Amino acid sequence: MSQKPECKTEGNYIVVPKGLVNVIVDETKISGVDPKGESTIYRGFTIEDIGENASFYEATYLILYGELPCEEELKEVKNKIDKYRGQVPEKVFDALKHVPVTHPMYYGIYGASLLGQFYASDWKFDPDFLYDHALRLTAQLPVIFAAGWNLAHNGTFLRPDPTKDHAWDVLRMITMREPTELEARAFESTLVIYMDHGFNASTFTTRVIASTLSDLYAAVAGGIAALKGPLHGGANEKAMEMFLDAKKRAEGKGVPLDEYIEEYILEKLAKKEKIMGFGHRIYKLHDPRTDVAAKFVAQLKDGDYWMKVLKKAEEVMWREKKIPANIDLYTAILYYQLGIPIPMYTPIFAMGRVVGWSAHYIEQVLNNKLIRPTEKYVGPSGLKYQPMETRCRK
Ligand code: ACO
């Protein structure tokens with residue numbers, strides 16, 4: 001923030017900027033951007049540190065409980081996640097067999113709601129109960145996304161294998177093939193770096209729903225709906241569609257993509273189009289999550305080629321607009337390298353972020369105040385109801 005913000009008031013009300021830009025709405029101990037604006041902090045650790053070194057289970061424990069687990073705690077959290085992954089109610093799979101083919105984020109929205117119908121009828125605000133459901137939802141949401149997608153597109157799906165590692169098993173269920181260790185670790189690291197990010201739009205949505213004392217499943221269904229939009233999670237899909245469009249055009253012209261991408265971006269900017277995978281409300285210089293993803297992109301299929309394209313795109317955007325790449329630019333390529341269908345990119349974001357949504361849900365309900373801002377009404381007033389025959393004048 002370059003300028004000191006002005007606090008506007010009207011009568012007894014505080015008027016905040018549109019989009020709540022630069023507005024602090026509450027405190028959290030879960031995650032946030034560090035005071036220098038250079039990294040995201042997960043419970044005291046930088047996101048790069050946790051993204052590079054922590055397993056999905058360790059990071060889940062950290063985000064939910066506030067510290068890295070000791071061996072016993074890790075074993076317990078792993079056992080629970082793996083067990084719950086194998087316990088998605090059969091009726092949920094039945095329901096997924098009878099829905100239209102839609103964007104797979106809908107499988108998550110109604111999948112979370114369906115799980116709520118099984119588990120949330122006698123909802124409690126006891127911490128042990130809440131943490132248990134957080135682990136259950138974290139374990140089961142990816143199974144629903146993968147089953148929904150594969151039923152719709154392949155007519156069949158793979159059941160979870162609770163004896164396997166969570167990230168490996170989820171990637172297997174999505175792609176319907178056994179991943180290598182490197183692929184599973186690359187995938188796992190993206191789940192970890194997507195896990196939480198302060199009061200982003202979907203987390204804030206989840207907290208608003210939590211503040212009404214609704215249950216976790218309903219709150220997360222709302223979070224998934226917010227994440228679906230292209231200005232939030234949907235950007236990783238749009239970024240890959242952009243790369244594939246550019247690749248096709250480059251091939252048509254007989255030019256390598258890492259050369260053509262400059263012309264492609266400049267054309268879009270000239271038309272005032274946004275380049276998906278660039279820009280961020282908080283990171284104005286650099287998104288540190290891209291560093292974690294970049295290490296894996298370089299090691300996966302066609303790594304050198306994609307790194308050249310990414311670096312060129314970043315160079316052009318920085319030169320032209322001073323806008324850095326965000327994590328979605330890198331995960332778009334990483335998921336493409338893993339052979340994941342593009343519409344599943346945002347669901348994968350949700351498979352990681354469900355941990356953060358759950359932690360924020362718990363933090364909110366255990367120290368609750370209903371989130372209910374007020375508005376400034378600028379429409380007409382004083383109108384009187386008119387009978388139908390006097391209304392249409394054309
Ligand atoms: N491409 C081109 N121009 C951009 C881009 C972009 N990706 N992002 C911002 N700008 C420009 C805007 O056009 C605007 O220019 P103007 O002042 O001349 O009108 C200026 O930069 C400020 O942009 P805002 O959208 O107002 O900035 P804000 O902080 O509200 O937006 C946002 C952040 C929504 C992420 C924006 O950068 C964007 O739309 N990016 C593309 C979508 C995207 O990649 N989203 C993923 C975000 S990360 C995540 O959710 C994990």
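The following dialogue examines how several terms apply to this predicted model.

Guide: Local features in this predicted model need pLDDT of at least 70, side-chain atom pairs count only at pLDDT 80 or more, and totals for chains, interfaces and linings use all residues. Residues are numbered from 1 along each chain as its sequence is written, and side-chain values use heavy atoms, with hydrogens and water left out.

Visitor: Why is Glu-188 called buried?

Guide: Buried means under 20% relative accessible area, with exposed over 50% and partly exposed in between (1.4 Å probe, protein chains only). Glu-188 has 8% relative accessibility, and therefore counts as buried. Glu-188 sits in helix 8 (residues 181-193), helices being DSSP runs of H or I with at least four residues and strands being E runs of at least two, numbered from the N terminus. The C-alpha atom of Glu-188 is 8.7 Å from that of Gly-51, although 137 residues separate the two along the chain.

Visitor: What makes helix 2 mostly covered?

Guide: Of the 10 residues in helix 2 (residues 56-65), 8 are buried. Among them are Phe-56, Tyr-57, Leu-62 and Leu-64. Just after helix 2, Gly-66 has a positive phi of about 100°.

Visitor: Which residues of the shell around the ligand are closest?

Guide: The shell holds 21 residues, and the closest are Lys-274, Ile-275, Gly-277, Phe-278 and Asn-326; a residue is near a molecule or strand if one of its heavy atoms lies within 4 Å of it. Helix 14 (303-321) and helix 15 (327-337) each supply at least two residues of this shell.

Visitor: What makes up the shell around the ligand by class?

Guide: The shell has 11 nonpolar, 5 polar and 5 charged residues. Ala, Val, Leu, Ile, Met, Phe, Trp, Tyr, Cys and Pro count as nonpolar, Asp, Glu, Lys and Arg as charged, and the others, Gly among them, as polar.
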